[in-house]
Amino acid sequence: MSGFSAEWLDLREGADHAARNAALRDAVSHAFADHESLTIADLACGAGSNLRGLAEYLPARQKWLLVDHDPALLAAASARLAGWADVAEGEDRLLLAKGARRIEAEFRAADLSAGAAAALAGEIDLVTSAAFFDLVSAQWLEGFAELIAARRLPLYAILSYSGEERWTPPHAADAQMLAAFHRHQARDKGFGPAAGPRAAALLRDALERRGYVVETAPSPWRLGAGDRALIEALAEGSAAAVAETGEVSAQIVEDWRRIRRGAAGCEIGHVDVFALPERR
Ligand SMILES: C[S@@+](CC[C@H](N)C(=O)[O-])C[C@H]1O[C@@H](n2cnc3c(N)ncnc32)[C@H](O)[C@@H]1O
């Protein structure tokens, strides 16, 4: 089981929204442009960032089903969405007005480790998820592809970690630290050995084998002077993960952590995936 705090998700939300691949997002927007309304399931929704990042690119009337296993994050999602909207009514089921968008948001507590079938019950036009598929296993992704393919559901999966990192200025231990970080990433996050940087390619392959047309595109975080707090948090998080592996000497980890907290910038690679069944 992995824990994500609402504060961590708040800290990364701006960078997450800026990183989304704009051409792929436009392709998603275009694919549903003739829908009067759209029902969207957001898997592993956290504090609701994906809805806030995507709503303006989808039709005027939207119904979102926000799914996560963490009730504290679902409560945070409800509170943050109410604060984000121009007008908000309700609590468990929110009715939101944001610009020209009218959005209904429902929250569903579900542990996705056993699969997404229960979470996706009911009418759905689009499945989406952000910063989640690198946590799951290759086997889970196969089951998930089978599930959505059986219903011919489109998928927009945003921000799967790609494994590429470039920090400025470079540090002599960058390669050693990254290799250890990747081994830590592959640890079980509740779904079996995590796919980590392989997630987008595995998803693409699993869906193409089931007749989907799949587009992928890069969506790196490009962090610089305005992202001090996020750079520091990333440095702390990476150093702590590597320290847990015991693969790099404590002295090197500590030196890297200290220098990286003050890094001028970094680029952290992600991949976005948009998959449409050939026949809908
Ligand atoms: C990196 S966060 C991304 C959250 C959100 N999509 C965003 O973009 O801010 C990963 C999310 O996966 C959720 N998660 C992890 N394991 C889960 C599970 N077994 N079932 C459902 N959600 C899970 C966490 O609670 C967390 O909200």
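Predicted model: local features only at pLDDT ≥ 70, side-chain atom pairs only at ≥ 80, totals over all residues.
Residues are numbered from 1 along each chain as its sequence is written, and side-chain values use heavy atoms, with hydrogens and water left out. Helices (H or I, at least four residues) and strands (E, at least two) are DSSP runs, numbered from the N terminus.

Stay with β10 for a moment. β7 pairs with β10 in the antiparallel sense over nine bridges; pairing takes at least two DSSP bridges between the strands. β8 also runs antiparallel to β10, joined by seven bridges, with Tyr212 partnered by Pro277. Then there's β9 (residues 221–223), antiparallel to β10 over three bridges, where Trp221 stands opposite Ile268. Eleven of the 13 residues of β10 are buried, buried being under 20% relative accessible area, exposed over 50% and partly exposed in between (1.4 Å probe, protein chains only).

Now over to α2 (residues 22–31), where Leu24, Arg25, Val28 and Ala31 are buried. Down the axis of α2, these buried residues fall within an arc of 120°, so they line one face of the helix; the arc is that of the directions from the helix axis to the C-beta atoms. Ala23 and His30, on the other side of α2, are exposed. Among the elements covering the buried residues of α2 are β7, β8 and β10, where contact means heavy atoms within 4.5 Å.
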